[in-house]
Amino acid sequence: MDLPAADAAVWLTAEDLIREGFRRSRVVIMNEAHDGHRRCVRTRTVGRRILPAAKGAGARVLAMEALGVPGGAAPGAESPYLAQPEMALLIDSARHLGFTLVGYE
């Protein structure tokens, strides 16, 4: 695939990028930047923002590393990751939209 020249490139919004990702694939992965308990609030905010677009594109499952290993016990609310305000908002938003939340490692 030929890429357009940099001055002709069209930048997609996060929502449009998610729609395009799901148009091309059944699985779309978005990772966040974190270092231990230091994190980038922006990636979680954008993650929350794209949830309705992902849902509209057919996504029904949100896998989150913060939720632990598949089939294992989910970390309690006292988990440092889950207690971070923007993480709690992301999880609440996903649940409100009807996503099934699963862990992965």
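This is a predicted model: local features need pLDDT of at least 70, side-chain atom pairs count only at pLDDT 80 or more; totals for chains, interfaces and linings use all residues.
**Figure 1. Order of the elements along the chain.** From the N terminus, the elements follow the order α-β-β-α-β-α-α-β. Residues are numbered from 1 along each chain as its sequence is written, and side-chain values use heavy atoms, with hydrogens and water left out. Of the 105 residues in the chain, 28% are buried (under 20% relative accessible area; exposed is over 50% and partly exposed in between, with a 1.4 Å probe and protein chains only). Among contacts (heavy atoms within 4.5 Å) with a separation of 6 or more, 71% join residues 24 or more positions apart.

**Figure 2. The largest nonpolar core.** This core has 19 residues, of which Leu-62, Met-64, Met-87, Ile-91, Phe-99 and Leu-101 touch the most other members. A nonpolar core is a set of buried Ala, Val, Leu, Ile, Met, Phe, Trp, Tyr and Cys residues joined through side-chain atoms within 4.5 Å. Two or more residues each come from helix H1 (14–24), helix H2 (41–56), strand S3 (61–64) and helix H4 (85–96). Beyond its neighbours within four places in sequence, Ile-91 contacts Met-64, Leu-67, Leu-82 and Leu-101.

**Figure 3. Packing of H2 and H4.** The two helices meet at an angle of about 10°, and their axes are 9 Å apart. Axes are lines fitted to C-alpha atoms, for helices over the stretch in contact, and angles run from 0 to 180 degrees between N-to-C directions. H2 is therefore roughly parallel to H4, a term for angles under 35 degrees. Val-41, Arg-44, Gly-47, Arg-48 and Leu-51 of H2 make the contact with Glu-86, Met-87, Leu-89, Leu-90, Ser-93 and Ala-94 of H4.

**Figure 4. Lys-55 over the ring of Phe-99.** Lys-55 lies over the face of Phe-99, 5.6 Å from the ring centre. A charge sits over a ring if NZ of Lys or CZ of Arg is within 6 Å of the ring centre and within 35 degrees of the ring normal.

**Figure 5. Surroundings of Ala-33.** Ala-33 belongs to the loop between H1 and strand S1 (34–35), and its relative accessibility of 44% makes Ala-33 partly exposed. Apart from neighbours within four places in sequence, Ala-33 contacts Arg-39, Cys-40 and Thr-43. Ala-33 and Thr-43 are 10 residues apart in sequence, with a C-alpha to C-alpha distance of 7.2 Å.

Terms used. Helices (H or I, at least four residues) and strands (E, at least two) are DSSP runs, numbered from the N terminus. Angles under 35 degrees count as roughly parallel, over 145 as roughly antiparallel, 65 to 115 as roughly perpendicular and the rest as oblique.
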